[in-house]
Amino acid sequence: MPNVPRLFAGSLLALAASAAAAAAQYPNKPITMIVPFAAGGPTDVVTRLVGEHMARTLRQPIIVEDVGGAGGTIGVNKASKAINDGYTLLFTHMGTLSVNIALYKSLPYDSQKDFEPIGLGGTNPMVLVTKKALPANNFAEFRKYVTENQKKVQYGMAGIGSASHLGGLMLNSMMKVEVLEIPYKGTGPALNDLVSGQFDYMVDQAVNVLAQINSGNIKALGVSSLKPLPQLPNVPTIDGSGLKGYEVSIWNGFFGPKGMSKDQIARINDALVKTLADPAVSKRLTELAVDLPNKEEATPAALATQLKASIDKWVPAVRAAGVKPE
Ligand code: MLT
């Protein structure tokens, strides 16, 4: 009998030592990064760009898993239910964690209770883009055309609660128009259809649309920020083009399932901060109009604050726009 507690204590010590060794080695196998939208869209592109460099810092591969559908809620839900061992993480944007609280009668996850914030990836301005053949060459002409053709005009978005849905619904509500929405699993596939003229317009993150604008395959008629973008110097703001007060920008960030260890969160955050400070990565992201966080904005606590601020701002704003939850 006297040996039993000693043995037990011995095994506990051994267990604690091996857990400490595993934590010290983290990560020691590939990390899966869930992206809740289709491949080729803004969330996927930023994840791959940042993830590639983070993987080098972490010395482990990062496998990007695109789980699109239902405005990102399918992928975010999957991440919320993942094992919290630090090997399944989520890269998503504020739409899926804040805007959609106002848009779904019941969400299968709680943005603030089911995740550990890890770090902000960046903030993205949006651009109102139209198919090339749309008979409007500036915002005033666009507004007139959409107002007069509400029955036939269609706008594209990445599902209820997505960033492009937020951008579109605020635009439509402020222009006082009702037009048909065409949902996609992400704005990557939506953009292909806009280029081929399948629908009329979309409000999407600049990171996704700059190349097609610059190639002349779609038209940019306004930016969602209050200042014009250096990347699109000839495109005025929507706010300054007659829709006073229109301003939407989209932040995205890294999260882990609730209960992920503090050490692991710190390790991923460190890899993220190093990645965003890398001159080649920050140059590329800046070219894509991504506004990068400074040191204070890049902490897990700052991301938690950012999430709460988005919920406080967008849930009442979307409700006030009169959109009925699904
Ligand atoms: C969105 O509208 O939420 C995004 O563009 C989604 C995506 O990354 O495709």
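Colleague: Why does Arg143 count as partly exposed?

Modeller: Arg143 has 28% relative accessibility. Buried means under 20% relative accessible area, exposed means over 50%, and partly exposed is in between (1.4 Å probe, protein chains only). With 28%, Arg143 falls in between, so partly exposed it is. Before we go on, this is a predicted model, where local features need pLDDT of at least 70 and side-chain atom pairs count only at pLDDT 80 or more, while totals for chains, interfaces and linings use all residues. Residues are numbered from 1 along each chain as its sequence is written, and side-chain values use heavy atoms, with hydrogens and water left out.

Colleague: Where is the place of Arg143?

Modeller: Arg143 sits in helix 5 (residues 139–148). Helices here are DSSP runs of H or I with at least four residues, strands are runs of E with at least two, and both are numbered from the N terminus.

Colleague: Which residues does Arg143 touch?

Modeller: Leaving out residues up to four places away in sequence, they're Met174, Met175, Gly242 and Leu243. Touching, or contact, means heavy atoms within 4.5 Å.

Colleague: What makes the pair of Arg143 and Gly242 a polar contact?

Modeller: A polar atom in the side chain of Arg143 is 3.5 Å from the backbone oxygen of Gly242. A polar contact is a pair of N or O atoms within 3.5 Å; within protein, one must be able to donate a hydrogen and the other to accept it, and residues adjacent in sequence count only if both atoms are side-chain atoms.

Colleague: How do you know whether Ser225 counts as buried or exposed?

Modeller: Ser225 comes out at 15% relative accessibility, so it goes down as buried. Ser225 is in the loop between strand 8 (218–223) and strand 9. Beyond its neighbours within four places in sequence, Ser225 is in contact with Pro125 and Thr237. A polar atom of its side chain also lies 2.7 Å from the backbone oxygen of Lys227.

Colleague: What is said of Ala70 and its phi?

Modeller: Ala70 has a positive phi of about 50°, although it is not a glycine. Ala70 is found in the loop between strand 2 (62–66) and helix 3 (73–80). Its relative accessibility is 39%, so Ala70 is partly exposed.

Colleague: And how about Ala289: buried or exposed?

Modeller: Buried, because its relative accessible area is 7%. Ala289 isn't a glycine either, yet it has a positive phi of about 70°. Look for Ala289 in the loop between helix 10 (279–287) and helix 11.

Colleague: Which residues of the largest nonpolar core touch the most other members?

Modeller: That core has 50 residues, and the ones touching the most other members are Leu128, Phe142, Leu166, Leu171 and Tyr201. A nonpolar core is a set of buried Ala, Val, Leu, Ile, Met, Phe, Trp, Tyr and Cys residues joined through side-chain atoms within 4.5 Å. There's a second, separate core of 25 residues, which includes Ile31, Leu58, Phe254 and Leu288. In soluble globular proteins, nonpolar side chains tend to be buried together.

Colleague: What makes the reach of helix 11 close to the one expected?

Modeller: Helix 11 (residues 300–320) has 21 residues and reaches 30 Å from first C-alpha to last. The expected span is 1.5 Å times one less than the number of residues. That gives 30 Å for helix 11, so the reach is close to what's expected. Its buried residues include Leu303, Leu307 and Trp314, and their cover includes helix 6 (163–175) and strand 9 (249–257).

Colleague: Last one: which residues surround the ligand?

Modeller: Among them are Phe37, His93, Ala163, Thr187 and Asp204. A polar side-chain atom of Thr187 is 2.5 Å from an oxygen atom of the ligand, and a polar backbone atom of Ala163 is 2.8 Å from a ligand oxygen. Taken alone the ligand exposes 270 Å², and the protein buries 100% of that. Those areas come from the Shrake-Rupley method with a 1.4 Å probe; for residues, only the protein chains shown count as cover.

Key. A residue is near a molecule or strand if one of its heavy atoms lies within 4 Å of it.
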